[in-house]
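Here are a few notes to read alongside the model.

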Amino acid sequence: MEIISSVTNAIALASRLTKISENIRDAEFNNLLADLSLELAEAKMKMASLIHENAELHEKVNNLEGTLKTKSLHVYKFGLKWDEQFNPICPHCGAHLAAPVFVVQRIRPSISGFNCQGCGRFVSVADEDGSPLRFKAARNQMLSLTAGSTA
Ligand SMILES: [Zn+2]
């Protein structure tokens, strides 16, 4: 580490000054020099521990990045899972969903959702109350929620 060698050089300079100062009888100068040497030694120790801590943090970040790459975190909302671009994903099998279905029925509740091509199940899109929700409306809400949270 470059910073450690800078401090090591500074310590070497201080000890050379100490040697030269043996000929100097000024007590204040000698005291200041002793203080400087102590401060430098302390700074070197603190730096070493910071470098160690930094290396540990680097390792943690690398591990977390690896975890994120292997396991992408999909948000679950409105009965669906959503990828990073807010495309719908089947919560049962993880397949991407296409062609939303919305059928308004007069007597029975409306039908809203997807026929999953991955597992063959019907995936319902519903709001917080469980009422059928058009996929477009759900996606718009997802987009506005994210816009709100990043602002
Ligand atoms: Zn599925």
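1. Let's begin with the make-up of the chain. This is a predicted model, and the protein chain has 3 helices and 6 strands. Starting at the N terminus, the order of elements is α-α-β-β-β-β-β-β-α.

2. Next, the overall form. The protein chain is more spread out than a compact globule, because its radius of gyration is 32 Å, well over the 15 Å that the globule rule gives for 151 residues. Along the principal axes, its C-alpha atoms fill a box of roughly 105 × 30 × 20 Å.

3. You will find two domains here: domain 1 covers 2-70 and domain 2 covers 75-150. Their C-alpha centres are 58 Å apart.

4. How much of the chain is buried? Of the 151 residues in the protein chain, 10% are buried. As for contacts between residues at least 6 apart in sequence, 40% join residues at least 24 apart.

5. Do have a look at the backbone of F78. Most residues other than glycine have a negative phi. F78, which is not a glycine, has a positive phi of about 60°. You can find F78 in the loop between β1 (75-77) and β2 (80-82). F78 counts as buried because 22 other C-beta atoms lie within 10 Å, and the cut-off for buried is 20 or more.

6. F86 sits in the loop between β2 and β3 (88-89). Is F86 buried or partly exposed? It has 15 C-beta neighbours inside 10 Å, so F86 is partly exposed.

Technical notes:
Residues are numbered from 1 along each chain as its sequence is written. This is a predicted model: local features need pLDDT of at least 70, side-chain atom pairs count only at pLDDT 80 or more; totals for chains, interfaces and linings use all residues. Domain bounds come from an automatic or database domain assignment. Helices (H or I, at least four residues) and strands (E, at least two) are DSSP runs, numbered from the N terminus. The radius of gyration is taken over C-alpha atoms; the globule rule is 2.2 Å times the number of residues to the power 0.38. A residue is buried if 20 or more other C-beta atoms lie within 10 Å of its own, exposed if 12 or fewer, and partly exposed in between; C-beta atoms are placed from the backbone. Two residues are in contact if their C-beta atoms, placed from the backbone, lie within 7 Å.
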